Amino acid sequence: MDKNRQISRRDFLNGVALSFAAGTTLSPMEILARSSGRASPYYPPALTGMRGSHDGSFEIAHALAREGRSFPIPDEQTEDTYDLIVVGGGISGLSAAKFFRDRRDRRGKILILENHDDFGGHARRNEFDVDGKTLIGWGGSQAIEAPGRYSKVAGQLLRDLSIDAQRFYDYYDQEYFTSRGLKKGIFFDRSTFVVDRITENPMGGFWGSPLKGEELKAVVREMPISEEDGSEFVRLMSGGVDYLDGMSISEKRALLQNISYKEFLEE
């Protein structure tokens, strides 16, 4: 073994620390934190509460937008030179970095900029300790959309990540809803609408397109709302009505930027 060989922190985490973690049930971040003597390891997957842009990532942008401040261009370069800079550490950004390294036979220096405290974007890992048991929330990765139609490059990415898309059919009950008489739609609760009722979602939702014409009217009639409200809802869904008629574009924009969607619907 060459004791003088240089090993990057990335390769250490991907190799030694990950294999060590498998035998200790600790994450690489926890191992590094414990070795540094920190009592409370900084481990993003276990953080809770409001977690938006990380401190330090938005102050300059806010100063530009809100205060009109400007910043001089440095006279000389203050950072390293990179072969690739990726903005965003979600699945797309991480994939772009990987594809770049693959094409260059894993050579090149890459900088990935991420404004959150963890990488992975919508699909990042979330962990919760419930009565001493670790529960994992998998974010957007549980809904990998139509992998059977992925390109060869994207399909190879899944294989490189050891994702076996076919296991979905072994672990997801395809008939869970239909076998229990359940359906997707809008739920009207008894405390608000007098009766408990589920109707089809006329707005389509994630899986479909908005209903129109007689189909729309038929679904609205099933809703436990007044006939007047139903007619107004159909009118809203049908479109073609300028609810701010008589106002200029700038006046409409100013109004809509200062009211909530709830206020718009009510007023």
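## Basis and confidence

The structure is a predicted model in which local features need pLDDT of at least 70 and side-chain atom pairs count only at pLDDT 80 or more, while totals for chains, interfaces and linings use all residues. Residues are numbered from 1 along each chain as its sequence is written, and side-chain values use heavy atoms, with hydrogens and water left out.

The term pLDDT denotes the predictor's confidence in each residue, from 0 to 100. Its average over the chain is 81, and 83% of the residues score at least 70. Over residues 12-39 the pLDDT stays under 50. Where pLDDT is low, the predicted coordinates should not be read in detail. For residues 12-39 the model has 27 contacts beyond four places in sequence; a contact means heavy atoms within 4.5 Å.

## Overall composition

The chain has 12 helices and six strands. These elements are DSSP runs numbered from the N terminus: helices are H or I with at least four residues, and strands are E with at least two.

Of the 267 residues in the chain, 16% are buried. Buried means under 20% relative accessible area, exposed means over 50%, and partly exposed lies in between, for a 1.4 Å probe and protein chains only. Among contacts between residues at least 6 apart in sequence, 38% join residues at least 24 apart.

## The largest nonpolar core

A nonpolar core is a set of buried Ala, Val, Leu, Ile, Met, Phe, Trp, Tyr and Cys residues joined through side-chain atoms within 4.5 Å. The largest one has seven residues, namely Phe-188, Leu-211, Leu-216, Val-219, Val-220, Met-223 and Val-234. Helix α9 (residues 213-222) gives the most to this core, contributing three residues.

Met-223 belongs to this core. When its neighbours within four places in sequence are left aside, Met-223 is in contact with Phe-188, Arg-197, Thr-199, Pro-202 and Phe-233.

## Aromatic pairs

A pair of aromatic rings is described by the distance of the centres and the angle of the planes. Rings of Phe, Tyr and Trp (its six-membered ring) pair if their centres lie within 6.5 Å; planes under 30 degrees apart count as stacked, over 60 as edge-to-face and the rest as tilted. By this rule there are six aromatic pairs. Phe-168 and Tyr-169 form an edge-to-face pair, because their ring centres are 5.2 Å apart and their planes stand at 85°. Phe-168 is partly exposed at 38% relative accessible area, whereas Tyr-169 is exposed at 53%. Ring pairs link Phe-168, Tyr-169 and Tyr-172 into a cluster.

Tyr-243 and Phe-264 are also edge-to-face, since their ring centres are 6.3 Å apart and their planes are at 80°. This pair links distant parts of the chain: Tyr-243 lies in the loop between α10 (227-238) and α11 (249-256), and Phe-264 lies in helix α12 (residues 261-266), 21 residues apart. Tyr-243 is partly exposed, with a relative accessibility of 36%, and Phe-264 is partly exposed as well, at 28%.

Strand β3 (residues 126-130) and strand β4 (residues 133-137) run antiparallel and are joined by five bridges; two strands pair if DSSP finds at least two bridges between them. Asp-129 stands opposite Thr-134 in β4, and Val-130 stands opposite Lys-133. The two strands form a hairpin with two residues between them, and Asp-131 in the turn has a positive phi of about 55°.

The expected span of a helix is 1.5 Å times one less than its number of residues. Helix α4 (residues 91-103) has 13 residues and should therefore span 18 Å, which agrees with the 18 Å between its end C-alpha atoms. Gly-93, Ser-95, Ala-97 and Arg-101 are buried in α4, and the helix is followed by Asp-105, whose phi is positive, near 55°. For α10, the 12 residues should span 16 Å, and the end C-alpha atoms are 16 Å apart, which agrees. Gly-239 follows α10 and has a positive phi, near 75°.

Glu-114 lies in the loop between β2 (110-113) and β3 and is partly exposed at 29% relative accessibility. Leaving aside its neighbours within four places in sequence, Glu-114 is in contact with Gly-88, Gly-89 and Gly-90.
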